[in-house]
Amino acid sequence: MLGYLVRLLPFWVREPLLILVGTVFGVRILYMALVDGEGWVAGVIGAVFLLGTALRVGVVVRALRARRRPAPEADEVTEPAASAPVTVAPDVPAVRRPVEKKPNAFVQASLAIGLFAVIGGALWIEGKLPEDGTAATGASRPAACRLDEDEKLPRAYRSTPEAVTGADLCRALNLPELPELLGTPAERSVYASGTDNTAPLTDRKVAQPEARVELDTYTVELSATYNKLTVDQYANLTKYGDHGFVKELEILGRPALLTSDHMMKIQIDLGGGEGASGPVEQGPLARTLTVAFDAKDRGGSYDLTVWSESGLLPDDSALVGIAETVLPRITGR
């Protein structure tokens, strides 16, 4: 249908339009193949687009030449009347018409190449421009959040209308300034995701959305648990466990708790012969900042966890700064 409508357009509208569209698509796909690493298939598709565009440029050039070429004038032969006296006109010098210059093929090819270069440069600059205020911080564009949009929300989310989703948490956490808040401004997020989970050991009745952002040095997780456990109750529970580090503080006027614990490391053999299954091992140390949903601490909390494979941890002030920046972005909370 679209092709039929395009064929209905006049020649001098249809051909420039197809040349513009082919150039934009061809240059963009080649950019994806050469810069973004989309592979040789994308490079071939982009080259085909540009080749088709070049052929259409040739068609337009030939049409312009034919249009500018003057039509041959018919020689009119008139015989003087028999009764009229024949007079001989004096010799008058012939008037020469100015020679019309034909379009220069080299100039046209240069203009076409220049057009390709301008459009390609514009697309390249667009890909390098920072977004969402990254020019002010000097940070690179973060990775896009990967979401399970096709999956339905668990029943726990429908029974908890105020619950946010993993997509909400990922959008709030995956900030361009996150590397700077962690003390690694030269890095950027290489992976980001959001999932709509439920809390373990609750028979899928408690909503617990999660978001994860991975950088070269650190991994940051943000979760929200919609249960009745208060931060004050959780602080009392830590007195009976081996948390090693517990610190009570206040974030955005809400009770908060800073704790440390080791991650779990599980090795699973998938049958490829490259690894062996083993028991659960102790992983790297992680720092977690738990913040109540509200100042009255009526139950439920956000958990912000940071760790690294090397065992390094950022300053505690970094977690506080991330929480103060991220939490207000979660549906205005």
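Reader: What share of the contacts in the protein chain with a separation of 6 or more comes from residues 24 or more positions apart?

Author: A contact means heavy atoms within 4.5 Å. In this predicted model, residues 24 or more positions apart account for 63% of the contacts with a separation of 6 or more in the protein chain. Local features here need pLDDT of at least 70, side-chain atom pairs count only at pLDDT 80 or more, and totals for chains, interfaces and linings use all residues. Residues are numbered from 1 along each chain as its sequence is written, and side-chain values use heavy atoms, with hydrogens and water left out.

Reader: How many helices and strands does the protein chain have?

Author: Helices (H or I, at least four residues) and strands (E, at least two) are DSSP runs, numbered from the N terminus. The protein chain has 10 helices and 8 strands.

Reader: What percentage of the residues count as buried?

Author: Buried means under 20% relative accessible area, exposed over 50%, and partly exposed in between, with a 1.4 Å probe and protein chains only. Of the 333 residues in the protein chain, 34% count as buried. Take Ala207, in strand S3: at 1% relative accessibility, Ala207 counts as buried. Beyond residues up to four places away in sequence, Ala207 touches several others, including Ala156, Tyr157 and Ala224. The C-alpha atoms of Ala207 and Ala224 are 7.9 Å apart, and the two are 17 residues apart in sequence.

Reader: Now pockets. How much space lies in the largest pocket?

Author: Rolling a probe the size of a water molecule over the atoms shows where empty space is left. On a 1 Å grid over the protein atoms alone, a pocket is an open set of points where a 1.4 Å probe fits, with protein on both sides within 12 Å along at least five of seven lines; lining residues have an atom within 4 Å of a point. The volume is the space filled by probe spheres set on the points, which are joined across faces, edges and corners. The largest pocket here holds about 970 Å³. It is lined by 29 residues, and those closest to its centre are Gln208, Tyr234, Thr288, Asp303 and Thr305.

Reader: Which element gives the largest share of that lining?

Author: That's S6, with 6 residues. Other elements giving two or more residues include strand S3 (207-214) and helix H9 (231-238).

Reader: Which loop holds Asp297?

Author: Asp297 sits in the loop between S7 and S8. Asp297 has a positive phi of about 55 degrees although it is not a glycine, and it is buried, with a relative accessible area of 12%.
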